Protein chains: 2
Amino acid sequence: MKQPAIIRDKENSNAALKAGRNRNRAQKVSEVIKDWILELRLFPGDRLPQEPELIAKLGVSKGTLRESLKILETQGLIKTRTGPGGGAFISEMEKGLANSLLATHFFFKDVSISDIYELRIIMEPQLARNVCGYINETQIEILREKMTYYNYPPVSIVEEQSQREKELEFHEIMAGFCQNELLRFNCQFLVQLLKELIICKKIYQKPNPELREKGLTYQEQLLTAFTNKDSETAHLVLQAHMLEAKSLMLAQEAHFKRGFLKG
Amino acid sequence: MKQPAIIRDKENSNAALKAGRNRNRAQKVSEVIKDWILELRLFPGDRLPQEPELIAKLGVSKGTLRESLKILETQGLIKTRTGPGGGAFISEMEKGLANSLLATHFFFKDVSISDIYELRIIMEPQLARNVCGYINETQIEILREKMTYYNYPPVSIVEEQSQREKELEFHEIMAGFCQNELLRFNCQFLVQLLKELIICKKIYQKPNPELREKGLTYQEQLLTAFTNKDSETAHLVLQAHMLEAKSLMLAQEAHFKRGFLKG
DNA sequence: AGATATTTGTTCGTATGTATT
DNA sequence: TAATACATACGAACAAATATC
């Protein structure tokens with residue numbers, strides 16, 4: 001594993017740049033710029049020098065520099081704007097991008113519903129327990145409002161699918177309240193995978209009234225637990241919810257490769 | 001959320017390309033190519049058309065095409081080779097790249113040891129339970145061999161740190177045996193975060209003999225459980241292990257921003 | 001081992017688009 | 001509206017890498 005070079009002066013960076021003849025220039029340049037970001041302690045909102053200056057300092061052509069910036073942009077580290085005062089700005093990688101990159105990672109892998117629920121069964125209860133500690137009335141109300149989208153039997157297959165999506169969004173929103181970024185990201189990513197599953201593979205075609213009804217009951221119990229600040233009950237309720245959902249879903253088990261690429 | 005267009009013919013793709021004047025051309029081109037990959041059912045190893053052909057079919061300049069390919073390369077979806085028979089090849093994103101992209105996501109976020117262990121406490125036991133089902137003697141032997149690096153008291157601070165790393169690698173290897181890609185990736189990513197913590201922030205400077213000794217005991221119990229195919233014991237042992245490790249680590253709690261950028 | 005053909009990688013000059021003033 | 005400052009896009013020429021003979 002490469003040793004992170006937090007401090008490295010410009011001269012050395014450029015030297016390293018010129019030395020490396022064996023590999024891609026654009027990638028090396030992007031790493032040099034990364035070093036600058038660390039070195040100059042740049043934070044989101046700060047601007048990088050403009051193209052001509054970067055070209056001069058790095059000693060590369062416009063095309064190569066643009067490829068390098070594309071790399072950083074793809075990694076979500078910068079964003080570029082045109083016009084006066086424009087240029088490349090440090091930016092915090094947004095959630096959607098990280099999701100889509102990770103989804104690309106699982107693009108050719110074989111992920112099953114069973115795999116997803118193996119994680120959801122342990123993560124969602126923990127999420128509930130965590131969030132319970134500091135969730136407020138306003139946030140509980142947002143969750144309750146989301147439930148109104150599916151607190152009645154669907155009249156069509158289209159509505160059934162829409163309700164499934166809303167039910168997943170309930171979990172997505174709850175995760176959004178979580179202050180542990182790792183836990184939040186994980187839970188939301190799993191929900192995204194399931195959503196893609198709905199859209200792409202068109203499973204859940206058959207009505208599954210039991211799933212909706214039981215889910216609703218669990219979620220009502222969950223909100224009660226939230227109101228009472230009863231984190232252990234919240235944990236248990238969601239554990240039961242997930243176990244139930246898993247067994248109901250496995251009836252329609254389907255492996256899905258590919259298809260959840262685009263973010 | 002955008003509707004994934006699994007099937008989309010070339011004409012439509014190009015039409016969509018020409019229509020979009022409001023945004024980045026290179027990015028749109030890269031999405032068109034992604035669509036092609038889906039549409040043509042290309043898999044790792046398959047080759048994309050060569051630059052001149054892509055330029056012709058997409059109606060863009062060479063520079064733009066190269067930026068587009070850079071995007072896909074950064075996302076880990078393709079790799080390019082020069083020379084006869086060269087070109088852009090579909091490739092499976094390697095683990096390291098996914099790790100580094102995700103690490104970039106948490107670059108500006110505040111992740112604490114407590115956050116990491118909140119996840120490890122639930123994931124590692126599940127990992128043990130899962131792996132226990134199919135781990136074989138050879139694999140157990142690999143784990144046992146790794147333990148020899150730290151089954152004795154360290155004589156220096158340097159060795160202490162090295163032992164900590166090896167102990168983390170024990171978990172990394174165990175995760176590598178997991179057949180649930182999601183679970184495997186998560187566990188390994190958490191280990192990577194902890195490793196970066198060792199390197200960058202130099203916590204664990206102070207000797208912590210208790211951590212090593214108790215960890216060793218737990219891991220021995222774990223291997224026994226593996227040998228006996230006793231998944232519930234494996235689960236319980238690792239749960240105790242993680243709880244213990246968390247409390248011992250929190251004594252040295254330190255938040256760490258930045259610094260684990262580069263892959 | 002060396003020459004050659006093929007294909008990506010890099011550069012530069014120029015032109016166009018776009019947001020600010 | 002016009003001028004300005006900047007990114008974005010294009011095309012042709014050249015350099016480097018690699019497989020094949």
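The structure is a predicted model, in which local features need pLDDT of at least 70, side-chain atom pairs count only at pLDDT 80 or more, and totals for chains, interfaces and linings use all residues. Residues are numbered from 1 along each chain as its sequence is written, chains are lettered from A and ligands numbered from 1 in the order in which they are written, and side-chain values use heavy atoms, with hydrogens and water left out.

**Chain A as a whole**

- Chain A contains 11 helices and 2 strands; helices (H or I, at least four residues) and strands (E, at least two) are DSSP runs, numbered from the N terminus.
- Read from the N terminus, the order of elements in chain A is α-α-α-α-β-β-α-α-α-α-α-α-α.
- Chain A has 263 residues, of which 56% count as buried; buried means under 20% relative accessible area, exposed over 50%, and partly exposed in between, with a 1.4 Å probe and protein chains only.
- Among contacts in chain A with a separation of 6 or more, 74% join residues 24 or more positions apart; contact means heavy atoms within 4.5 Å.

**Helix H7 of chain A**

- Helix H7 of chain A spans residues 137-147, and its buried residues are Gln139(A), Ile140(A), Leu143(A), Lys146(A) and Met147(A).
- These residues lie on the same side of H7(A) because they cover an arc of only 115° around the axis; the arc is that of the directions from the helix axis to the C-beta atoms.
- The packing partners of the buried residues of H7(A) are helix H8 (157-176) and helix H10 (209-227) of chain A.

**Gln219(A)**

- Gln219(A) lies in helix H10 of chain A and is buried, because its relative accessible area is 1%.
- Leaving out residues up to four places away in sequence, Gln219(A) touches Met147(A), Tyr150(A), Glu167(A), Phe170(A), His171(A) and His241(A).
- The side chains of Gln219(A) and Glu167(A) make a polar contact at 2.7 Å; a polar contact is a pair of N or O atoms within 3.5 Å, where within protein one must be able to donate a hydrogen and the other to accept it, and residues adjacent in sequence count only if both atoms are side-chain atoms.

**Two residues of chain B**

- Ser30(B), in helix H2 (residues 25-39) of chain B, counts as buried because its relative accessibility is 4%.
- Leaving out residues up to four places away in sequence, Ser30(B) touches Ser68(B), Ile71(B) and Leu72(B).
- Leu248(B) belongs to helix H11 (residues 231-250) of chain B and counts as buried, at 14% relative accessibility.
- Leu248(B) and Glu210(B) are 38 residues apart along the chain, and their C-alpha atoms are separated by 8.2 Å.
- With residues up to four places away in sequence not counted, Leu248(B) touches Asn208(B), Glu210(B) and Leu211(B).

**Cavities**

- A search of the whole structure finds 2 cavities of 30 Å³ or more; on a 1 Å grid over the protein atoms alone, a cavity is a set of points where a 1.4 Å probe fits but cannot get out, and lining residues have an atom within 4 Å of a point.
- The largest cavity has a volume of about 120 Å³; grid points are joined across faces, edges and corners, and a volume is the space filled by probe spheres set on the points.
- Its lining has 16 residues, and those nearest its centre are Leu102(A), Asn186(A), Leu102(B), Phe185(B) and Asn186(B).
- Helix H9 (181-201) of chain A and helix H9 (181-201) of chain B are the elements that give two or more residues to this lining.
- The lining of the largest cavity has 14 nonpolar, 2 polar and no charged residues; Ala, Val, Leu, Ile, Met, Phe, Trp, Tyr, Cys and Pro count as nonpolar, Asp, Glu, Lys and Arg as charged, and the others, Gly among them, as polar.

Terms used. On a 1 Å grid over the protein atoms alone, a cavity is a set of points where a 1.4 Å probe fits but cannot get out, and a pocket is an open set with protein on both sides within 12 Å along at least five of seven lines; lining residues have an atom within 4 Å of a point.
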